[in-house]
Amino acid sequence: MEEEESSVFLLCLTATSGVPLYCRSKGSSRQLTFSVIGSLNGVHMFANNQDVLLSSTHTTNSTVVWRTFHESINLIVMSRESTASEYSLNKLLENVFSAMVLVIGLDDLVNIKNVERLKKDLRACYKLIDSFLTESEKMGDLTQCVDCVIAHDVAILQECLDGFTQAAESEFGCLMAGGKLVAATEKWWRLASQDVMLLCWLVASLSPHSSRDYPVYLPQGSPTVPHRLLTFQLVPGVDACVLCGPSPSLQKVESELVERFWKPVVDPIKACLRVQLRSFPVSLPLHRGILGLLLVNRDLNKSLYTVQVHPVEDMQRTELKLTLERRRAALRSFYTLAISRYFQTEQHDGKNIQYEETFPMGFSHSAHQCYTVSASHKCYAMKTELHLLFLLFKQEVPTFSMQAIANKTIQVFTKDFPF
């Protein structure tokens, strides 16, 4: 089958009958034919009937991954992207199914009574699902952590958020800039990390609106009972969000609380947007050889991510835009390599497919640092008790100096600008 380079196709079907529910794609102007869809699902069903678990396959230029959720929904992804791996494609399928649960609830996905009705309901998930296929400014889809921003005056914003959330009869609230978390209440951080990540991606995927009252199911915390997600646009690109029950009304919060709590801090709110792409202030010093950074706080399941480390770069230049895309691909690929091979961070309960590579199993030790060198860049990663740090370097940075630079970078984010 001839398709454009770097195309990705995502298929969703019922597990029992193989009825297609939807097909989403990236990088291709054509949809898959029904015969191709039937073949991809048919080979999986045939394997199942023979008590064989078919999880993935590789061809000359494609990778295909199958996953069945709750013996009800089959998801298939076929990717021709050169950076695609089983790890990243499995994460994609997990995110897609969780996005479906978030929007329409688990019951309707497990107990399918009317396929046509389900198809119609699933349309509400398309924007969120598509964002997992196309998003490039965040890494939460891979890390399962929430992408954050270190903003100026965060203490003031945190105080306003706590007061606003409490006045809205809730303990769960957050402030987002460009889909990244600026501040959150203590109870918000106690939600499952995937739920927090999905809520941020949902808000970022929706069309801008002054306010919303959106029913959501939390895939980990409450997959069958909906909550209300109230969102309020404080300035374009910055939203205050509250997760609550039947009360209060959207109108009450919008008319009585938004202006009272947020109008006095409009300047710090606008300042959040100035650090949103870099994820931290210009005053935070980093080595000139660093092109990209991903820092994961393993305790709070939050992360900082940027491929625009230095503010002097002119974003309007087309060649730089292409460079940024290559940086994102390189950092995502290196993260996947390090996590799947060296940094075993996930617990497996036997119910989930273990798609990390198996060759480290015989190691008598656990790796804490790793690096790669290519013709265009270098990468370095280190694992500490609290953090995971992944750095993308210019090619000319000496290999022997990467460890020292990484140590200084960790020190900046643990002592000078704690994260």
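This is a predicted model: local features need pLDDT of at least 70, side-chain atom pairs count only at pLDDT 80 or more; totals for chains, interfaces and linings use all residues.
Helix H7 covers residues 154-167 and helix H10 covers residues 250-262; their axes lie 9 Å apart and the helices pack at an angle of about 160°. Angles over 145 degrees count as roughly antiparallel, and H7 and H10 are therefore roughly antiparallel to each other. On the H7 side, the meeting residues are Leu-157, Cys-160, Leu-161, Gly-163, Phe-164 and Ala-167, and their partners in H10 are Val-253, Leu-257, Val-258, Phe-261 and Trp-262. Phe-164, Phe-261 and Trp-262 come up again with Phe-232, as these four residues form one aromatic cluster.

The contact involves Leu-92, Asn-95, Val-96, Ala-99, Met-100, Leu-102 and Val-103 from H2, together with Leu-128, Ile-129, Phe-132 and Leu-133 from H5.

Turning to the aromatic residues, the structure holds 10 aromatic pairs. In one of them, the ring centres of Phe-69 and Phe-97 are 4.5 Å apart and the planes stand at 5°, so this pair is stacked. Phe-69 belongs to strand S4 (residues 63-69) and Phe-97 to helix H2 (residues 86-104), so the pair ties together parts that are 28 residues apart in sequence. Both partners are tucked away from solvent by the accessibility criterion: Phe-69 is buried at a relative accessible area of 11%, and Phe-97 is buried at 6%.

Another stacked pair is made by Phe-132 and Trp-201, with ring centres 4.6 Å apart and planes at 15°. Here the link runs between helix H5 (residues 126-134), which holds Phe-132, and helix H9 (residues 193-205), which holds Trp-201, so parts that are 69 residues apart in sequence are tied together. Phe-132 is buried, with 6% relative accessibility, and Trp-201 is buried as well, with 2%. Phe-132 also takes part in the contact of H5 with H2. Trp-201 has a further neighbour in Lys-138, whose charged end sits over the Trp-201 ring, 4.4 Å from its centre.

Ser-303 is buried, its relative accessible area being 0%.

Finally, some backbone features in loops deserve a look. Ser-247 and Pro-248 are joined by a cis peptide bond, with omega about 0°, and Pro-248 is found in the loop between strand S11 (238-244) and H10. Glu-71 has a positive phi, near 55°, although the residue is not a glycine. Glu-71 sits in the loop between S4 and strand S5 (73-79), where its relative accessible area of 70% makes it exposed. Glu-169, likewise not a glycine, has a positive phi of about 60°. The loop between H7 and strand S7 (172-177) holds Glu-169, which is partly exposed at 46% relative accessibility.

Note on methods
Residues are numbered from 1 along each chain as its sequence is written. Side-chain values use heavy atoms; hydrogens and water are left out. Rings of Phe, Tyr and Trp (its six-membered ring) pair if their centres lie within 6.5 Å; planes under 30 degrees apart count as stacked, over 60 as edge-to-face and the rest as tilted. Helices (H or I, at least four residues) and strands (E, at least two) are DSSP runs, numbered from the N terminus. Buried means under 20% relative accessible area, exposed over 50%, partly exposed in between (1.4 Å probe, protein chains only). A charge sits over a ring if NZ of Lys or CZ of Arg is within 6 Å of the ring centre and within 35 degrees of the ring normal. Contact means heavy atoms within 4.5 Å. Axes are lines fitted to C-alpha atoms, for helices over the stretch in contact, and angles run from 0 to 180 degrees between N-to-C directions. Angles under 35 degrees count as roughly parallel, over 145 as roughly antiparallel, 65 to 115 as roughly perpendicular and the rest as oblique.
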